[in-house]
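Open the model in your viewer and keep the selection panel at hand. We start in a core and then follow helix pairs.

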Amino acid sequence: MSPQNAVLYFIPTTSPRKENGLLNGEVARGMEPSRPHRERIPAKLVYLRQLEMDTAYITPQRQGESVTTYRRRIYEVLLKLMQAEAQPIGMRVERLWPDTDWDVVWKKLWTTPAPESIKASWYRIIHDIVPTRERLNKIRITLTDQCRSCAEKYTLRHHILECGAGRYQWGWPRQGVALTLMTEPRWVPEEWILRPHFKLWPPKRHRAVLLLLAQFVAFRSQQARELTLQDYQDFLRRSKWKFYQNRNRPTLVGNYLCTLDMI
Ligand SMILES: [Zn+2]
């Protein structure tokens with residue numbers, strides 16, 4: 001038997017006896033113990049042995065090599081293997097939508113002149129980490145992926161744009177954004193809610209559009225699904241009032257938010 005194919009035998013440390021000329025706790029190599037022992041082999045050594053068989057890169061434990069050194073050697077080899085195979089890891093949404101310029105999306109998200117709570121809501125929606133029934137159903141937490149109130153598939157889009165009065169409520173920020181951009185609402189894509197990778201000029205107008213979208217997403221992210229259009233208008237009025245208390249408002253959005261009074 002060559003040393004490479006040698007099987008490890010472990011002589012347990014239960015009693016201070018000497019077996020096969022080896023001290024207790026030593027690992028013998030390439031020869032059977034004189035009599036089969038019944039003591040359990042420590043899980044750590046079983047694991048190491050399995051690892052050794054799995055990876056041809058790691059040479060077996062040397063005579064007299066301590067378990068710690070052996071484990072360190074395994075770790076170093078595995079680390080080298082991982083580094084050699086390492087792929088650049090992207091976020092889930094980045095893999096789902098590879099054509100989107102995600103650097104722009106994250107930059108725009110954090111430059112939105114909104115309170116942190118609103119930005120955090122939008123962040124969750126953009127990341128698609130909301131426990132929608134579609135996702136819960138995929139990991140077998142719910143029996144169905146249908147919405148409880150409208151029996152449609154409960155996707156992220158359904159959560160934000162379609163469920164309940166979502167369609168009508170989306171009409172408001174859409175109209176506001178269209179007025180800010182001096183265009184028609186149909187030219188304001190719904191995709192901006194889930195992936196705001198647009199670039200507008202001047203920056204004040206851009207920030208005003210971001211604020212309108214972020215407020216809408218934060219409002220729709222609330223748990224209560226029976227929120228009406230009136231609730232949304234009240235929400236807008238409150239956030240606008242709060243925002244107008246902000247001393248930096250003129251430098252952030254200028255007068256672009258006055259379009260809210262026109263819708
Ligand atoms: Zn629904």
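A nonpolar core here is a set of buried Ala, Val, Leu, Ile, Met, Phe, Trp, Tyr and Cys residues joined through C-beta atoms within 7 Å. Buried means 20 or more other C-beta atoms within 10 Å of the residue's own, with C-beta atoms placed from the backbone. The model is predicted: local features need pLDDT of at least 70, side-chain atom pairs count only at pLDDT 80 or more, and totals for chains, interfaces and linings use all residues. Residues are numbered from 1 along each chain as its sequence is written.

**The core.** Select Trp122, Ala208, Leu211, Leu212, Leu213, Ala214 and Val217: among the 28 residues of the largest nonpolar core, they touch the most other members. Next, colour the elements that give this core two or more residues: α5 (116-127), α8 (166-180), α9 (191-194), α10 (203-220) and α11 (229-244). Helices are DSSP runs of H or I, at least four residues, numbered from the N terminus. The most comes from α10, with 11 residues.

**α5 on α10.** Show Ile118, Lys119, Ser121, Trp122 and Ile125 of α5; they meet Ala214, Gln215, Val217 and Ala218 of α10. Contact means C-beta atoms, placed from the backbone, within 7 Å. The axes come within 8 Å and cross at roughly 80°. Axes are lines fitted to C-alpha atoms, for helices over the stretch in contact, and angles run from 0 to 180 degrees between N-to-C directions. The pair is therefore roughly perpendicular (65 to 115 degrees).

**α8 on α10.** Now the axes come within 9 Å and cross at roughly 175°. So α8 and α10 are roughly antiparallel (over 145 degrees).

Note on methods:
A residue is buried if 20 or more other C-beta atoms lie within 10 Å of its own, exposed if 12 or fewer, and partly exposed in between; C-beta atoms are placed from the backbone. Angles under 35 degrees count as roughly parallel, over 145 as roughly antiparallel, 65 to 115 as roughly perpendicular and the rest as oblique. Two residues are in contact if their C-beta atoms, placed from the backbone, lie within 7 Å.
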